[in-house]
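Morning, everyone. Please have a look at the structure on the screen, and then I'll take you through a few spots.

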2 protein chains.
Amino acid sequence: MPPEGDSPRVMILMEMSQFLLSLALILLAAKVGGRTAERFHQPAVVGELIGGMLIGTHVLGLVRETEPLHLLAEIGAIFLLFEVGLETDLDEFLQVGKSAFLVAIIGVIVPFFGGYLAAHALGMEGLLPIFIGATLTATSVGITARVLSDMGKLRTRESRIILGAAVIDDVLGLLILSIVSGLSSDGSGFSMAAIVKTSLLALAFLLGSVILGNWLAQPLLRAIGPMQSRGMLHISAFIFCLLLACLARIIGLAPIIGAFAAGLVLAKTEESAHIREKIEASGDITIPIFFVMMGVSLDPSLLNPFDPASHAVMLLEIALILVAVAGKLASGLGVLEKRVSRLAVGVGMIPRGEVGLIFASTGLARGIIDRADYAVTLVVVVVTTLITPPLLKALFRRVRG
Amino acid sequence: MPPEGDSPRVMILMEMSQFLLSLALILLAAKVGGRTAERFHQPAVVGELIGGMLIGTHVLGLVRETEPLHLLAEIGAIFLLFEVGLETDLDEFLQVGKSAFLVAIIGVIVPFFGGYLAAHALGMEGLLPIFIGATLTATSVGITARVLSDMGKLRTRESRIILGAAVIDDVLGLLILSIVSGLSSDGSGFSMAAIVKTSLLALAFLLGSVILGNWLAQPLLRAIGPMQSRGMLHISAFIFCLLLACLARIIGLAPIIGAFAAGLVLAKTEESAHIREKIEASGDITIPIFFVMMGVSLDPSLLNPFDPASHAVMLLEIALILVAVAGKLASGLGVLEKRVSRLAVGVGMIPRGEVGLIFASTGLARGIIDRADYAVTLVVVVVTTLITPPLLKALFRRVRG
């Protein structure tokens, strides 16, 4: 190893105390915030988001958004969806497939056209209203999954429909991203062949991972079972989860979709209870990191109605928040089953996140969206993220487990 | 949040699949390597090191040494020493304090002068032999702690003496580093006041964390106990561990010393069994990352006796390895207790690691050590790391638990 190869090690030692302190602060913010929220009968995740915001870049500035912390946060999201998958019965999940599909489709179409029309009505032209519409389409399932998991409500039909719709939503988001990126490249338009390829790959991944995994998971675990090494079983399960997350990412889907698929597959094995128990202990530490880091990047001043900078765009903000909420509430109408709360399903689909921001970033990078519009997108993300957990908690209290 | 603030998020999405794949490969190398080593009746950690070497920078090149992976590896080391601390009885630990102190002192003095004399005899002059001697002084306790933990032998007196000596060794290493760094700055020499300050800080940290922690841990845990939030107890314990690790690092000690101190303190609380069980599940995933990443940076070609590049320095390499091994074996003579294997204690002190490399890097940066000498230090680290686990396993099989 040449001495240059050693520079990361030396750098690490310099950055180490900063990293360890950030991690301690993040976990502290998670616990204090979560506990405080629960005292006010709010979901813990709201406290984690606010705790993150307080220690984060825009308020106290104690924790910066560094790459290692972001990657650790993503590991947290992967643990969350892996756990959720492990608690989901595949057969029951597929039973609500049609409703999930309809919910996802309505939840993409209504916000898209609503956003497009609102932007158009406010005088925007060209590709801009299309981009604005696209940023409103994607559901970020993390918040909902977390609240339902904490409430022990993952096994309700409402939850299964939301999870299924979120998976389909991610595939649709991928398609919209290819279309929108194609639109914005210099007049070349988008290639239908590329979009068909993207869809087929995504479908092949979802079906393939579940069908093949269903086939192979039990024999593989049986082969691993007799190995004596400590932690062999749940580490093997986690490796499987990482590989599917990575594959999902390569195809263009969110890594958490792969983690969810991995959980679904392993849920059917005999060892699922043991795996879940061990995975939960690691999830306890990493999952709050995801939500606190989400909070760290939030800028509360965006929400300040007295800030003159917000006035100029406030009409657009209000319009888009209304569209974002109403569009996903409408998606609940896609539920075919009786005695399922369409309102609860619709609320579960409200949070926007990463994918919407990726659309906005793409538009920004290509000069279609300006900074003010980008900030509007952020406001939509922040508001939909913060209002959902209390609503979900109130609605799901009445849903039978 | 300005759009620039978004760049880490976009970068993350680009790097995400690479990171997830690296993580999956690291855990796979750990499990396959560890299992293979165990089949040959070797400690799992040897297989993890070799597995890491194979997927690492110098062989297959599948996993690169990136900052996030290094930080994750350090978290693994922190989990390891936290677990070891949780399994250590403070009173029993302090009972062997005198022996630990003598072992540490002998284990620093003998390798230092041995290395100095060997380098001098081979024609080195000026500060160089002093630096060479200094690189041989520091014990890297990770390997030994892991082997003893896997064997369930942490509660033997031999183990307690090794752990205690490793803690003292880290303090001594800190002092040597200040002296050696002082020597190498432009003639200014070293400041006795700075060294006294460093020692007092280190001692204050060790005593303070144990005494104060002893006092506060139980009341604090009792205050946390009634909180209902999932995972509250072990996360609080882990936050405490991170804070002490960070504090240790700020003072100049290794973060793992802080983690060990945190474990020691919490070991006395009523909840220690529960904390340990939960922490072990996370340790199962993170600890192997530490050892695999240690392997990732190893260059097996350094050990190739047929490589002409090694010939020039082979005499020095052999001499220093002999000194490194003999010097720490001699440290076992510091054991005062009867019916304690001095050989087992000495072998447990053999592995060199980070601290030795930091000395060498410092010397390299200041132009005292050249690249060939630096490579020699690496060889000493590699050899002492690889020979220790099998020796420990053979020796501790006979030590009563």
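Take helix α2 of chain A, residues 44–55. At 1.5 Å a residue, its 12 residues should span 16 Å, and its end C-alpha atoms are 17 Å apart, which agrees. The expected span is 1.5 Å times one less than the number of residues. Helices are DSSP runs of H or I, at least four residues, numbered from the N terminus.

A word on the source: this is a predicted model, where local features need pLDDT of at least 70, side-chain atom pairs count only at pLDDT 80 or more, and totals for chains, interfaces and linings use all residues. Residues are numbered from 1 along each chain as its sequence is written, with chains lettered from A and ligands numbered from 1 in the order in which they are written.

How many residues of α2(A) are buried? 12 of 12. Buried means 20 or more other C-beta atoms within 10 Å of a residue's own; exposed means 12 or fewer; partly exposed is in between; C-beta atoms are placed from the backbone. Among the buried ones are Glu48(A) and Met53(A).

Next, Arg339(A). It sits in the loop between α13 (308–331) and α14 (342–348) of chain A. Most residues other than glycine have a negative phi. Arg339(A) is exposed, because it has 7 other C-beta atoms within 10 Å. In chain B, Arg339(B) also has a positive phi, near 55°.

Last, Cys241(A). Leaving aside neighbours within four places in sequence, Cys241(A) is in contact (C-beta atoms within 7 Å, placed from the backbone) with Ile78(A), Phe82(A), Ala259(A) and Ala262(A).

Technical notes: Helices (H or I, at least four residues) and strands (E, at least two) are DSSP runs, numbered from the N terminus. Two residues are in contact if their C-beta atoms, placed from the backbone, lie within 7 Å.
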